[in-house]
Amino acid sequence: MLSKRHSDILKILETEGTVTISDLARQLGVSLETVRRDVKPLSETGAVMRVHGAVGLAGQIGEAPFQKRMRENAAAKQAIARALAASIHDGESVMFDTGTTTSYVARELMGHRRLTVVTNSSDIARTLATVNGNRVYMAGGELRSDSGAAFGKSALDFIARFTVHHAVISAGAVDPCGVMDYALEEAEFARLVLSRGERRVVVTDHTKFGRRGLISVAGFDGIGEVITDQPPAPEITAALDAAGTTLTLAG
């Protein structure tokens, strides 16, 4: 029979993925020996797996970082995705960068028909290709091991050929100056995506507000709409208003 602490351990692993024994002890406020004793029956039943002084849910040990990020704030990302998908119509064209929130949007679009989709994300391409008469164009280049997305000059040259109804990007960070990212290639790709759309949309959950990335993607004057799950801080809201950028709260 599972104790409350067993349930707490499983909840932590569902949220954080693989966690060291010492981290579990710290979060639960118990000794290392107590955690080891609590983990033992969970590992014996196959609910968790132990590896190199850490523990993770069975089936998630060794999962890619992208898969782990897909589980973070999943309900918020799904709500954001539903809000955007409801404003996209059958037969329209959409360009996506890679990101967990844009991947959720792709899943919400699986009921749409005859979409034209342009992306550098193998996850988005795989989700929407060959169903409901969609046409999917994927940018070429070497696929990143963490996200399964293509970057670099060949990917940029490819998407520059298209003009679409909806250009949709995710965000690594959002502050009053605009949207930022932490990797140069990802920022360059997202910036070009925005330039190819009649409608320019950023989808991001509230955890990205107030963060400051390394590289600017776009100021709010280059973005038509931000779709999120909770209102940002007043200074960000004021900057959106000043730029004429629409703020849409999902749900």
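**Reading packing in a predicted model**

Colleague: Where in the chain does Ile159 lie, and which residues does it touch beyond its sequence neighbours?

Modeller: Ile159 belongs to helix 8, which covers residues 153-159. Once residues up to four places away in sequence are set aside, Ile159 touches Met95, Val118, Ala139, Phe189, Leu192, Val193 and Arg196. Sequence separation and spatial separation should be read side by side here: Ile159 and Thr119 are 40 residues apart in sequence, while their C-alpha atoms are 7.7 Å apart in space.

Colleague: Is Ile223 buried or exposed, and how many Å separate it from Arg212 in space?

Modeller: Ile223 counts as buried because its relative accessibility is 3%, where the cut-off for burial is under 20%. Its place is in the loop between strand 11 and strand 12 (225-228). Ile223 and Arg212 are 11 residues apart in sequence, and the distance between their C-alpha atoms is 18 Å. Leaving out neighbours within four places in sequence, the contacts of Ile223 are Val179, Leu194, Arg200, Val202, Ala218 and Thr245.

Colleague: Which way do the side chains of strand 5 point?

Modeller: In a regular strand the side chains alternate between the two faces of the sheet. In strand 5 (residues 116-119), Thr116 and Val118 point one way and Val117 and Thr119 the other way, and all of these residues are buried.

Colleague: In which sense does strand 5 pair with strand 4, parallel or antiparallel?

Modeller: Strands of a sheet pair through backbone hydrogen bonds, and the pairing is either parallel or antiparallel. Strand 4 (residues 93-96) and strand 5 pair in the parallel sense, with 4 bridges between them, and Val94 has Val117 of strand 5 as its bridge partner.

Colleague: What are the angle and the axis distance for helix 1 and helix 2?

Modeller: Two packed helices are described by the angle between their axes and the distance between the axes. Helix 1 (residues 4-16) and helix 2 (residues 21-28) pack at an angle of about 120 degrees, their axes being 11 Å apart, and the two helices are therefore oblique to each other. The crossing of helix 1 past helix 2 is right-handed. In helix 1 the residues that meet helix 2 are Arg5, Asp8, Ile9, Ile12 and Glu16, and their counterparts in helix 2 are Leu24, Gln27 and Leu28. By class, this contact of helix 1 with helix 2 has 4 nonpolar, 1 polar and 3 charged residues.

Colleague: At roughly how many degrees do the axes of helix 1 and helix 3 cross?

Modeller: The axes of helix 1 and helix 3 (residues 32-44) cross at roughly 85 degrees and come within 10 Å, so these helices are roughly perpendicular to each other. Arg5, His6, Ile9 and Leu10 of helix 1 make the contact with Thr34, Asp38, Val39, Pro41 and Leu42 of helix 3. Sorted by class, the contact of helix 1 with helix 3 has 5 nonpolar, 2 polar and 2 charged residues.

Colleague: Which strands does helix 1 lie across, and what is the order of the sheet they form?

Modeller: The 3 strands of this open sheet have the order 1-3-2 and pair antiparallel. Its edge strands are strand 1 (19-20) and strand 2 (48-51), each of which pairs on one side only. Strand 1 and strand 3 (residues 54-57) run antiparallel and are joined by 2 bridges, and Thr20 has Ala54 of strand 3 as its bridge partner. Helix 1 lies across strand 1, strand 2 and strand 3, running at about 80 degrees to strand 3. Helix 3 also packs on the sheet, touching strand 2 and strand 3, and its direction makes about 120 degrees with that of strand 2.

Methods:
Residues are numbered from 1 along each chain as its sequence is written. This is a predicted model: local features need pLDDT of at least 70, side-chain atom pairs count only at pLDDT 80 or more; totals for chains, interfaces and linings use all residues. Side-chain values use heavy atoms; hydrogens and water are left out. Axes are lines fitted to C-alpha atoms, for helices over the stretch in contact, and angles run from 0 to 180 degrees between N-to-C directions. Angles under 35 degrees count as roughly parallel, over 145 as roughly antiparallel, 65 to 115 as roughly perpendicular and the rest as oblique. A crossing is left-handed if the near helix is turned anticlockwise from the far one by less than a right angle, and right-handed if clockwise. Contact means heavy atoms within 4.5 Å. Ala, Val, Leu, Ile, Met, Phe, Trp, Tyr, Cys and Pro count as nonpolar, Asp, Glu, Lys and Arg as charged, and the others, Gly among them, as polar. Buried means under 20% relative accessible area, exposed over 50%, partly exposed in between (1.4 Å probe, protein chains only). Two strands pair if DSSP finds at least two bridges between them.
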